[in-house]
Structures are given as structure tokens and as C-alpha cells.
Amino acid sequence: MTDRGGVVAAATGAEALTTELPVGRPTGWWGMVMFVATEATLFACLLGSYFYLRFQYGPQWPPPGIEDPTLLKPLVMTAILVPSSLPVMWAERGIRHGQRRRLRLGMAATLLMGTTFLLLQGTEYDEKLHMFSLTTNAYGSLFYVITGFHGLHVLVGLTMIGWLLVASLRGGSFGAHRHDRVRNVAIYWHFVDTVWVAILFTIYLSPRL
Amino acid sequence: MSTTTGTPPGVGRDDLERLTEHWEEPRSLRAWFTTVDHKKIGRRYLVTAGFFFALAGLGALTMRTQLARPEAEVLSPQEYNQLFTMHGTAMIFLFATPMLFGFGNFLVPLMIGSRDMAFPRLNAFGYWVFLFAGLFMWASLPFGAAPNNGWFAYAPLNDVRNNPGLHMDVYALGLLFLGISTTAGAINFIVTALKLRAPGMSLNRVPLFVWAIVATAFMVIFALPALNTDNALLFLDRRFGAHFFDPSHGGNVLLWQHLFWIFGHPDVYIIVMPALGIVSAVLPAFTRRGVVGYPLIVLAIVAISIISFGVWVHHMFATGLPQLSYSFFSAASTIITIPSGIQIFAWLATMLLGRLVLRAPLLFVIGFIVTFVLGGFTGAMFALTAFDQQVTDSYFVVAHFHYVLVGGAVFPILAGIYYWLPKMTGRMYHEGLARWAFWLFFTGMHVTFFPMHLYGLFGMPRRVYTYRGDLGWNGWNLVSTIGAYLLAVSLLLVLIGVVHAVRRGRPAPADPWDGDSLEWSTASPPEPYNFPVIPQVHSLHPAWDERTVESTSSGATEDRILSHGRRTLFTSELDARPERAVRMPEPTFKPLVLAGALLVFFVAMLLAWYPVAVAAVAAVAATVAAWLWPTRRPDEELGVAS
């Protein structure tokens, strides 16, 4: 397949060079996918540790003195966090067509929903800390470390989204030809949402099975 | 600065001038700290890992001196504990993997016909983190606060009640810190190999070394999180009173072992796999033919990297797990010898069918095969649960893994050093000195470690700082110590050989070995832009293939010269069809600043200066935000509609 002045020339001609029109998957996309893969493995290890300690512990789980986790608040949190991916998708589609307004609105909406999630998690910790803490027993350690580690990821995701919002408000940052960063943040945010579902199942639903 | 090959036909003088202008970095202190050139970073990885290897080796020499005779008092038990822990930890984490990543950094872009790695700044960042994490861990030794619990740091001996002081905090934080570098490097290798291959280098033309590095990188992606989880939980247990490994509060000590070996066994292959890749890269030049069974070797590499995740329990045969799980892991551990065997037989067939050129790199490859097969043989013995339970925690195990790791990693690394030294430095090494180094190293290796099989079977446990004189181990221990000094002398000869080559060696031609892969079509050392013309690859052995060679001379086209700006070519993942030319990043201080902020964070966590740690996190976030901040462009270029 010799290509002398064919496809390559088309992709490297004067116009293409000034804009670097996206052709194929960019390196940033692959980088983010690999990063999310390794992060997902990290969560898998944490959730695996939860089940390992649980099944090694004995029949009563959570241990005596700790009630089964209540479901109302985590379900509300789920109902806020999981749909928060929708504005991100809407914003990403928008900027792919060069619509900056949609990018800004979508990011602002997600920022709001994610922050609400973190505030709710804060109030949940406030309630739980009366019952048990990180140092009470292995159950407490697992509960706070797994949910806290996820909360940290939400915080990092929100920082990214805030950063995108600021960059897009400045202008001259994103458009139909340049939105790799938007796509990468979107991948990360979808990941943070998806992991929450696994955590909801493990921490909140599985003790009731 | 280099012995160039002259102006290649097909490339104009003005093209070369433009390429130099865009890619060359000035020789200044500033340039030293800001470089993003994969060749410089690769060499730094090699030198730094070599330095940590020397420290860990000197530690081993001190331990062998202590063990030369019974009840010696060269080292106190506490010092001995710290030395053997740092020896293992540094050899595994600070030498083997970074050394092979150094080869990868230098070679992968050259072998696939690219001008740099996919993420050059991330690459620089990875190096600085590796350097800082290594110094972070070694710096604890003079304070008597080095890790002291063995390289696998079993619970409950690693908890704060049984092991007070900073020792295991250094271990947990140091490895978490280092993990950032390893993960960044792995992602970079995968993306580089997927997107930056020269046009025409479809997956079935990718050099075996690159396959090995990519398979290793995938293992890192999926194995390292287990170690990171383990160390994070350990630090939380020790510092903040969590109970993951504390059975009195519902924790479980075996959780540590499971997580550790879910990482740890793939890690054996993370270390050995790129070294096997070096073997596959060295052989064609010295057998004058391609490696036999290329598709089989690729399949073996992929199979090993998958099966390696299913064998971890064979490190835990003595922990009282259910018998059924032993059977499964015993079977998996037996199966994994098949793809390893395929590679060995492919190399033997290559040597049998080829015409041998007996130079130092080939000698080290032959030394590798002999030693590694012996290590693999004792490995197959461990896959049998009953035998494993008899010799576990004895010197037999120490003998086994030194045969595997010295045989499987150090021999190929030494072969690689001699093989690529002309490419890296532009100088030839002294062949006589290299042969002396080989024979001393080979002898020293077997004199040191073979007796360990014996006194392991005679009952000597590993990790004891001394032993009584009436147990029948004295003579064999002395033999091991003599071997260790032989090893030290041989490695000193290697060092002298490298320094001699750099200082006095005769200039190396571009292709001293008549090698088959693309790095030999660049100058020695390569120009800052690697390739004046990015080649169009037509076969698995591009440097032996006339059409590929022609594509960079008379067949050079503008779309592969790319001399306007600092640019390289993206191609499609599977078939390497050209996609577009992309601009590569310029030198920058940001990677160094980011790594420095992380160093402050980890030191602050270690010493419990939490406000400083919070400030360091803010500095990390600010640096990343500035690093990735988009440059302002006109709306027409961005394509903005509203």
C-alpha cells in the first residue's frame, strides 16, 4: 500500500494542517480510556476486598451494633448522579456541532448535580458517624473508604468540569474541530457515574440480599 | 553532536535544517530540566535504574558478607531486615521495571518509525516521578527508617503494633508514588504503539520487542491497581486506624496476600516479558535471520499476559486455603509454562537455523536461555502443591526466583546494553572486556545461586540474618558469598565497559550489526527528530527490506518528511493507515513541577504534615490545569457555530 500523495496529502494539505481535522481516534481518547480502565480495576479491587472481608467475617453483616444501611438517601443520590451524565452528553454533542452555548449550559447543569450529590453524601456521613466511623471495625473502614474514594473521584470530575466551563467561558477554547478535552472529561464523568452503580449495589443493596 | 549519515537522498538540505530547528534542544541547564525527548528520557531511566541497581546490589553484597560464616556480626538483625527488604523492593520496583521501561522509552518510537512517544510531557513526568520515588525510598535507609518487612510486606507484621516507626509507611507511600510513574509509562506505551506506528506497519509487522512492551503495559494497567489498593489500605490501617488487615476488628490478614499476589504474579511477567522482548530483538542480528515462529511468539506473549492473572494463589499454597482452589491455581501455573516453552523453542530454532555471530550480546542471550530454563524448571516444581509446601520460605525459593529474575531479566538487560550502546551513545564498546564481563557474570551467577537450592533443601530458611555453625550450611554459604563477589566484579566490568565506550569508544556506524528493525536506519545516536523521513514499512524486517529503505531515500514524499513544525504522523490502530500529521509538544518545566509537588505531598503524608499535603494537592491541581489549558484560537479555526 504505497501512498504517495493520496490520503496522506489530503490529511496534511494546507487547510487540514491549520485545523487538524479529527481523523480516527486521537491519542488523548486512548489515553483516557486506558486511565479509566486502570481506575476501574482499582474500584474492582476495593469492591472485591469488601466481599472478601464480608464472606470471611461470618453470617451477620454488617457486624453487630450497626444497622443495615438505609436506602432512601442513596437512591436519591443515585437519581441525581446517574442522570448527570445526560447534560454532559448533550454538551458534547453540542460542541461537536460548534454550539458553545450548549457546552456551557451542560457543564453548568452537571456541576450543579454533582455538587448536590457530594452535599447529600456529606449529610449521610454526618448521620452515619453517630453510629460508626472509620476506626470502629472493618465494616466501617470499608464503608468510608469505598464511598469516600468514590466521592473523591466525583470531586476530581467536578474540578475537570469546572475547568472546562471556565475554559469555554473564556472563548477561543473549543469548537467543532477541537473538543478532545470535552470528550475526555465526558468519558471520565461517565465512568464516575457507572462506578457509583456498582458501589450502590455493593454497599447499600448487597447487605439486604 | 553525532555521526550523521549525510544528507539522505530525497530529503532537501532545507528540510533537514527545518527539522533540526524544530526538534533540537539547546545544550543548557534549562533544556536539561525541560526536555521531552524520549531518547534523553530513556537514557535517564537506564542510568537512574542502574544507580538503584548498584545500591541494591551493594546491599546484597553486604548481606552475603554477613552470611559468609555462621554467627557473624557485620550487620545487626534490624539492619539486615532493612537491607533485604530494600534489596528486594529496589530490585523489583526501582531497577527491573524502570530499566526495561528505559529501553522501551528509547526504543519503541525508533522501532515503530515515530518521532517521539504519544505523550512526550507525560513521559518526562513519569521519569521525574520515578527518580523522586526512588530517592524517597532510599533516603529512609540512612535514617534507619527503611522498610523492614520483606518486599512483599505481609500482614500482620506490617501493622503499626507489630512494626512501629516509619518503615512500612515509607514502603506504602513510596510504592504508591512510584505507581503513578509506572501507570503513566504504561498508558504512554500502549497509545504510542497503537497510534504512532509508521505507515504500513500493520499489527503483523510490529517488532516483537514492541509487542512485549505493549503486553507488559496492559498487565501494568490491570495488575498495579491491586498493589495500589493494598498499599493505600495499609497506610489507612497504620496511620488512621482503619481495620482492613486487623482480625480483631473484622479484618483479614490474607486480604493483604491476595491483593499483593494478584499484582505480584503478573509483576513477574511485567519484569520478564520486556526482557524476553529484548531477546527476540537481539537474536535476528546475530543469527542473520528473523525469529522463527513470529505469530506463535506473539500469541505466546498475549497468552502469558492473560494467564498470569490466574496463578497468584501459587504464592499462597502454605496459607491453608481450600484444596479445590489449590488444584485450579496449580493447573494454571502448569499451563503457563506452555507459552513460555514456545518462546524458548522458537529462539532455539532461530539459533539452529541461523548463522551464529558470536558477539557479547549473543553470549548474554545464550546465558539467559541456560539460566532462565533452570529457573523455569524449579518454577514448574513449585506448581506442585505438595512440593511447594515442603520448600516454602526456604533458600530453595530464593534460588528459584534469582534464576528466574537474574536469568530472565538481568541477562537480557545486559545483552540489550551491549546491543544498543552504539545506538544510544554513538560509540562502540570493547568486545574483549564485554566477554570477560559475560564469563564472570555467568560463573558468578551460578556459583552464588546454585548452592542456595542445596542449603534450601537442607532446611535453611530465607531472611535469617545469621545461622548456627553446626547445621551443615557453612561451606555452601561461603561458596554463595564468593559467587556474589564474582558477580560484583563482573558488573563493575560492565560499568567500566560502558564508561570506556562513552569516553574512548570508536564512533559507531548507523548500523553496526546489520540489524533488522527500524532503529538501525537512524543515525547513531539518532537525530533529535529520529527520522528525516518517516518510513513506509513493507515487511516485518524493515531494515532488511529494500522497498522500505527506498521509501526513506529516493521514494521520500512530503507527507512523511513533515519538516514544517514539530510534527509526527498518526496512523490507524490495526493497519497503520496514515490518518493525519500532528504537532508534538515543546519542552516544558511543568512535568518537573508536577512531580516536585507530588514529592512534597508524599513527604508531607509520611511526616504527618497534613496542611502541607493539602497545599501540595492544590499545587498538583493547579499544575495539571495549566498543563492542559487550551491555547486560544480564532473561532474559524475551532469551528464555532454560536
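Modeller: A residue is buried if 20 or more other C-beta atoms, placed from the backbone, lie within 10 Å of its own, exposed if 12 or fewer do, and partly exposed in between. This is a predicted model, in which local features need pLDDT of at least 70 and side-chain atom pairs count only at pLDDT 80 or more, while totals for chains, interfaces and linings use all residues. Residues are numbered from 1 along each chain as its sequence is written, and chains are lettered from A and ligands numbered from 1 in the order in which they are written.

Colleague: Is Asn530(B) buried or exposed?

Modeller: Asn530(B) sits in the loop between α16 and α17 of chain B, where helices are DSSP runs of H or I with at least four residues, strands are runs of E with at least two, and both are numbered from the N terminus. Its phi is near 65°, a positive value in a residue other than glycine. Because 24 other C-beta atoms lie within 10 Å of Asn530(B), this residue is buried.

Colleague: How many other C-beta atoms lie within 10 Å of Asp514(B)?

Modeller: Asp514(B) also belongs to the loop between α16 and α17 of chain B, and, although not a glycine, has a positive phi of about 55°. Most residues other than glycine have a negative phi. Asp514(B) is partly exposed, because the number of other C-beta atoms within 10 Å is 14.

Colleague: Which residue is joined to Ser524(B) by a cis peptide bond?

Modeller: Most peptide bonds are trans. The bond in question has an omega of about -15°, and the second residue of the pair is placed in the loop between α16 and α17 (546-551) of chain B. The residue joined to Ser524(B) is Pro525(B).

Colleague: What is omega for the cis peptide bond between Ala155(B) and Pro156(B)?

Modeller: Pro156(B) is found in the loop between α5 (120-138) and α6 of chain B. For the cis bond that joins Ala155(B) to Pro156(B), omega is about 5°.

Colleague: How far apart are the end C-alpha atoms of α3 (residues 27-57) of chain A?

Modeller: Chain A has 8 helices and 0 strands, and just after α3(A), Gly58(A) takes a positive phi of about 135°. The expected span of a helix is 1.5 Å times one less than its number of residues. The 31 residues of α3(A) should therefore span 45 Å, and this agrees with the separation of its end C-alpha atoms, 45 Å.

Colleague: Which helices of chain B do the buried residues of α3(A) pack against?

Modeller: The buried residues of α3(A) include Gly31(A), Phe43(A) and Tyr50(A). Two residues are in contact if their C-beta atoms lie within 7 Å. In chain A the partners of these buried residues are α7 (138-170) and α8 (180-205), and in chain B they are α6, α7 and α8.

Colleague: Which element gives the largest share of the side of chain B that touches chain A?

Modeller: The contact takes 57 residues from chain A and 54 residues from chain B. Among the elements that give two or more residues to the chain B side are α6 (167-195), α7 (208-240) and α8 (253-287). The largest share, 9 residues, comes from α7(B).

Colleague: At what angle do the axes of α3 (residues 38-67) and α16 (residues 474-504) of chain B cross?

Modeller: Axes are lines fitted to C-alpha atoms, for helices over the stretch in contact, with angles from 0 to 180 degrees between N-to-C directions. Angles under 35 degrees count as roughly parallel, over 145 as roughly antiparallel, 65 to 115 as roughly perpendicular and the rest as oblique. α3(B) and α16(B) are therefore roughly antiparallel, since their axes come within 9 Å and cross at roughly 155°.
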